[in-house]
2 protein chains.
Amino acid sequence: MRKVDPEKYEAKRRQILDAAVVCFARSGFHKTSTAEICAEAGMSPGNLFHYFKNKNAIIEAIVDEDRRKTSEWYEKANQADDLFEELFKLMQHNLELIAEPVYRKIGIEIFAEAMRNPSVGHLVARNDAEQIAALTGILKKAAAKGQIDASFDIAKLATWIAALGDGAFGRAALDPYFDPTDQAGVLREILTRILKPKAER
Amino acid sequence: MRKVDPEKYEAKRRQILDAAVVCFARSGFHKTSTAEICAEAGMSPGNLFHYFKNKNAIIEAIVDEDRRKTSEWYEKANQADDLFEELFKLMQHNLELIAEPVYRKIGIEIFAEAMRNPSVGHLVARNDAEQIAALTGILKKAAAKGQIDASFDIAKLATWIAALGDGAFGRAALDPYFDPTDQAGVLREILTRILKPKAER
């Protein structure tokens, strides 16, 4: 058996994931073949299977990568002093992401696949549950610090803040006049009204 | 040529649409054949083509029906005295709809199809534009009546209220702990804070 150089292996895996994202965004998950992904990645067909068992494993890896990024983001945000600012930054970052057509298309593909495919659905649900838990944690901490209104049911509030983020995704996908890069002002005002203690609203 | 009884024709068309909704929710738009829809509707295969040119025409009819219902809803809401109450009722009605798994599944199928299929995409975008225009109209009227805060950019506000509705859809689809029937209280509080004049927030 050949020895595997971990760095080279990781680079090759990265190359396949990047190519898969391009293909899935272009043609959709179901209409993309592993041969197309190999062509996009500039590697011979079959080579892909040293890195991913099948097409499903690729979409699972994309979802898992999203999970790691989100979790890192929340961990950093949790250390900050002003948690309202961090929540606003988080929502603003979401607007930046959804401004990218490839991100939006992949997001829709993953969402649709999660509804049909139990293994992808399981991973997406886990990401989502982790994100809601992290959001609830930040909101609780912010409430304890007096940075947001503490009279709300925080778990439900977290759900609706997440809904606002998901909804912005829907707007960016459906409404050609919705420019995510032009929404920071109104988003800040809405978050202020929903979240800030009454005296600061 | 046989004479067509308009009522019978409409009933048959209705029967096909209802069967198609069941099939699309069960297997997805792409995996459903017109033969399956005929079986579900209890009619002989081929009969369907007297009513719909193809599968695409069926999904287009579903989208068009949604459009008519939404437009009727807004027309009625526009006549009411208290427009904040109407907006709340609209959002509450959305929660009732998304509590139904078939509605959610069809919604996701249509959303995904709108992203790939230009003719469906065009219809969905038109529905969406009409809904945003109707929502903007109600918000403007409410602001003129002093029922909501008038200092906001109303067009942007309409977009974010729509985002909240879309986002609730996302929550219902992704989060097994999100019970749409248990959200009216927190939704009302959030809409009050975002929309009501400062003194009433």
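Contact here means heavy atoms within 4.5 Å. On that basis, and leaving aside neighbours within four places in sequence, Lys196(A) is in contact with Phe84(A), Gln147(A), Ile148(A), Asp149(A), Leu191(A) and Arg201(A). Lys196(A) is found in the segment after H8 of chain A; helices are DSSP runs of H or I with at least four residues, strands are runs of E with at least two, and both are numbered from the N terminus. Its relative accessible area is 15%, so Lys196(A) is buried (buried means under 20% relative accessible area, exposed over 50%, partly exposed in between, with a 1.4 Å probe and protein chains only).

This is a predicted model, in which local features need pLDDT of at least 70 and side-chain atom pairs count only at pLDDT 80 or more, while totals for chains, interfaces and linings use all residues. Residues are numbered from 1 along each chain as its sequence is written, chains are lettered from A and ligands numbered from 1 in the order in which they are written, and side-chain values use heavy atoms, with hydrogens and water left out.

**Chain A**

Chain A has eight helices and zero strands, and from the N terminus on its elements run α-α-α-α-α-α-α-α. Taken along the principal axes, the C-alpha atoms of chain A fill a box of roughly 65 × 40 × 25 Å. Of the 201 residues of chain A, 50% count as buried. The accessible surface of the chain comes to about 10,100 Å², and carbon and sulfur atoms hold 53% of that surface (accessible areas come from the Shrake-Rupley method with a 1.4 Å probe; for residues, only the protein chains shown count as cover). Among the contacts in chain A with a separation of 6 or more, 70% are between residues 24 or more positions apart.

**The interface of chain A and chain B**

The size of an interface is often given as the accessible area lost when the parts come together. Between chain A and chain B the buried area is about 4,200 Å², with 65% of it from carbon and sulfur atoms (buried area is the accessible area, 1.4 Å probe, that two parts lose on being put together, summed over both). On the side of chain A, Arg116(A), Trp160(A) and Arg193(A) lose the most area to chain B, together 21% of what that side buries. In terms of contact, 46 residues of chain A meet 46 residues of chain B.

Across this interface the rule finds 13 residue pairs in polar contact, both residues at pLDDT 80 or more. A polar contact is a pair of N or O atoms within 3.5 Å; within protein, one must be able to donate a hydrogen and the other to accept it, and residues adjacent in sequence count only if both atoms are side-chain atoms. Helices H1 (6-27), H5 (101-116), H6 (118-144), H7 (154-174) and H8 (184-195) of chain A each supply at least two residues of the side that touches chain B. The largest share of that side, 13 residues, comes from H7(A). By class, the side of chain A that touches chain B has 23 nonpolar, eight polar and 15 charged residues. Ala, Val, Leu, Ile, Met, Phe, Trp, Tyr, Cys and Pro count as nonpolar, Asp, Glu, Lys and Arg as charged, and the others, Gly among them, as polar.

Ile194(B) lies in helix H8 (residues 184-195) of chain B. Not counting residues up to four places away in sequence, Ile194(B) touches Ile190(A), Arg193(A), Ile194(A), Phe152(B), Leu157(B) and Leu164(B). Ile194(B) is buried, with a relative accessible area of 2%.

**Salt bridges**

A salt bridge is a side-chain nitrogen of Lys or Arg within 4 Å of a carboxyl oxygen of Asp or Glu. The structure holds 31 salt bridges over all chains, and the count between chain A and chain B is nine.

| Glu40(A) | Arg26(A) | 3.3 Å |

Glu40(A) is partly exposed, at a relative accessible area of 36%.

Asp166(B) counts as partly exposed at 25% relative accessibility, whereas Arg171(A) counts as buried at 1%. The pair of Asp182(A) and Lys156(B) also crosses between chains, from the loop between H7 and H8 of chain A to helix H7 of chain B. Asp182(A) is partly exposed, with 43% relative accessibility. Salt bridges that share partners join Asp64(A), Arg67(A), Arg126(A) and Glu130(A) into one network.
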